[in-house]
Amino acid sequence: LYLMYIGWMPGGVIAYVVMGSLIAIPLISAITVRSRSKKIINKSLEKSKKMKQEKIDKLDPNQISEAIPYEELFVTEFALPVIEVKEEQVVQESNEAQEKEYAFDPEFTLEKACAELAIYLKERGVYIDAESTRSVFSALASSRLIIFNSEDKGLLTRFIFLLGKYFEYNTVIEDFADIHAGGDDIIYSLAPCHPYGVTRISDALIHHRGVENNIRIMALTGAQSEFIKPCFSQVYKYLDQHNGNNKLTARTVNGDYVYSIPQNVWFAVVLEDGQKVTDIPKYVLETACEVNLVLREIELPKPVAVPLEEGQDPSEQVFIEPENTIVTTVTYHQFEKMLELALRDNMVDENLWKRIDKLENVVNDMDAGYRMTSKMWQRLEKYTSVYLRSGGAPEETLDSVVANHVINTMITSVAEGKNKTGDKFVNTIENIFGEGHAPHTVKKVKATGLKI
């Protein structure tokens, strides 16, 4: 009926033709466009093949089998110069990228390491007490900037040198007078004693191949407090977060050289006589750890003379040097694993931590700007965990961490605070910690000579 309707009714055929045209025209256009695109693509492919064949024909047959260097391809493709990378830089980056497997001895504990260090120093003429050895390893765990102090300051440089020897690495020592003459920068110097402006510290940081598993110490001796900030400005980011991507630039005679600070590096400071730790800027002290060492020079055993045979000339006398004990040294990865286990198994009791909280609140009442950051608390946890695992008693541990890590910034804030109370700061400390329970902390506050 429908076909009859559109076929016989007036206008029916015309309507059918119009509808058919509307459908057919788009179909024909699409087929035409597709055919034209296909021809263009095919033409392009043929042209590309022809160009490739022409290039192949022009190639020297003797060079076809040789690999084309990546740099040459890069320049050809993008017309940009390739920077020549020095071999040492490639070695350094590859060493950092590769994860090596290092041996760990679970039987060699932190407590044993403290004993071994004491033996090593004693046989080389330096006595160190047990608390000091615990403080040294605790400071290495909590900070990459250690300020060494002692009543016998003449022994400090010798101690730092021997400490490096114990770690089987020659401590790199810069004298502040040289650094100061060259522009107060431990990385780049204008002093004549530093060829091409590269300091001994900078040179050691660049050349670290073969010592990736050593604890490495870079020391600045005879330093003045007011210049600590500029001296360490280029490495401050590393001191604040050593496990980040910390890069430095050495300005050498051949141009700028960019390199990374290896994570097995510690910086040390020995202040000049009369200089005060509390005069160092507070934000630097927050990253640093001051270690007060009990050191004493001891007389070494004299060589033993071998008896002369009858008639032997006295000039032929032979002397035998006393043999040193073979000690076990601490490698970088051994120490990192020791720290990991200490954080897992050795924690200060919560009630002892609350004493530091109370002391922080007291200082904050005097100086509203004072607060202990989360990074500071993390450093305290590392310090106390290692100190406990090294054989320290809980309250001795608390006194040590406050004296070496916390009290210096607190002293500065109390001295500069606007809301001072009538109580002496020393009395406040003893009220919180208990009289006689924080001897090192109290001694340090009294030693400042400040009326606080």
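The largest pocket holds about 790 Å³ of space. A pocket here is an open set of points on a 1 Å grid over the protein atoms alone, with protein on both sides within 12 Å along at least five of seven lines; the volume is the space filled by probe spheres set on the points, which are joined across faces, edges and corners. You're looking at a predicted model, where local features need pLDDT of at least 70, side-chain atom pairs count only at pLDDT 80 or more, and totals for chains, interfaces and linings use all residues. Residues are numbered from 1 along each chain as its sequence is written, and side-chain values use heavy atoms, with hydrogens and water left out.

**Stop one: the pocket.** Helices (H or I, at least four residues) and strands (E, at least two) are DSSP runs numbered from the N terminus. Which element gives the most? That's α16, with six residues.

**Stop two: the cavity.** There are three cavities of 30 Å³ or more, a cavity being a set of points where a 1.4 Å probe fits but cannot get out. Select its lining, including Ile147, Val277, Leu285, Glu290 and His405. Here α16 supplies the largest share, five residues, and β8 also gives at least two.

Key
1 Å grid on protein atoms, 1.4 Å probe; cavity = no way out; pocket = protein on both sides within 12 Å on 5 of 7 lines; lining within 4 Å.
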